[in-house]
Amino acid sequence: MATEDIPESWRDALDPVLSTPEARKLGGWLRAEEDAGKAIYPPRGQRLAALARTPLPAVRVVILGQDPYHGPGQAHGLSFSVQDGVKQPPSLVNIFKELESDLGIPRPATGNLSRWADQGVLLLNNTLTVEAGQAGSHAGRGWDAITDACVQAVVDRGEPTVFILWGSHAKKKAGRVRGLGSGDHHLVLASAHPSPLSAHNGFFGSRPFSQTNAFLEAHGRKAIEWSL
């Protein structure tokens, strides 16, 4: 992953980790997988879309997921989001159900969460690529250090920020990031993943959207307009 692929606002945070042998190994492995004919999602050019869409100084909220959607035409670099016209995956449908329950916002026609990203919601996955049809297939391949650095950069900015952690993989990341959740500087909202397999175990009823806006406004930061 060449330095020039990193959006400018994130370079200082990511340059050190991208210069490590582990990061170079990840890049080489991804190229080898593609050369072997495997379909990797999202496609090249979209894997750092979350960073490009939400510059570091603009981050107010981090929504952290596990890995990208592994169906064709779904993942485009923003966690839980799909492009306009793409059928909403079950996890996203459940997110919208909780949004309606929490704030009374009806389920939108689109599953494209770019409007959230443009308001400072960093839609980040723990792992930024996946093999077609193989959920979790790129876990442990080197993305963790890169996405840890992204989260740490947000923490180190010192601006009161909300970290929404959905699922066990996201929760583990919080525990690895120095200072995350300490004091009242940031708000950490952790719950079950919105997947149909786990949403009834604590995701539904967690009210992350209203809690996020209440925290932001209490700390002098603009609330998120969650409607799409």
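**Reading a tryptophan pair and a parallel sheet**

Biologist: Is Trp116 buried or exposed?

Modeller: A residue counts as buried under 20% relative accessible area. In this predicted model, Trp116 has a relative accessible area of 1%, so Trp116 is buried. Trp226 also counts as buried, at 1% relative accessibility.

Biologist: How many aromatic pairs does a search of the whole structure find, and how is such a pair described?

Modeller: A pair of aromatic rings is described by the distance of the centres and the angle of the planes. The search of the whole structure finds seven aromatic pairs. In one of them, the ring centres of Trp116 and Trp226 are 4.9 Å apart and the planes stand at 90 degrees, so the pair is edge-to-face. Trp116 belongs to helix 5 (residues 114–118), whereas Trp226 lies in the segment after helix 8; the pair therefore ties together parts that are 110 residues apart in sequence.

Biologist: Which residues form one aromatic cluster?

Modeller: The cluster is formed by Phe80, Trp116, Trp166, Phe203, Phe204, Phe209 and Trp226.

Biologist: What is the strand order of the open sheet?

Modeller: Strands of a sheet pair through backbone hydrogen bonds, either parallel or antiparallel. Here, four strands form an open sheet in the order 3-2-5-6, with parallel pairing. Strand 3 (121–125) and strand 6 (187–191) are the edge strands, each pairing on one side only. From one strand to the next, the twist averages 15 degrees.

Biologist: Which strands does helix 6 touch?

Modeller: Helix 6 (residues 143–157) packs on the sheet and touches strand 2, strand 3 and strand 5. Its direction makes about 155 degrees with that of strand 3. Helix 8 (residues 208–218) also packs on the sheet, touching strand 2, strand 5 and strand 6.

Definitions and conventions. Residues numbered from 1 in each chain as written. Predicted model: local features only at pLDDT ≥ 70, side-chain atom pairs only at ≥ 80, totals over all residues. Heavy atoms only, no water. Pairing = 2+ DSSP bridges. Helix = DSSP H or I, 4+ residues; strand = E, 2+ residues; numbered from the N terminus. Axes fitted to C-alpha atoms, helices over the stretch in contact; angles between N-to-C directions. Contact = heavy atoms within 4.5 Å. Phe/Tyr/Trp six-rings, centres within 6.5 Å; stacked < 30°, edge-to-face > 60°. Buried < 20%, exposed > 50% of the residue type's maximum accessible area, 1.4 Å probe, protein only.
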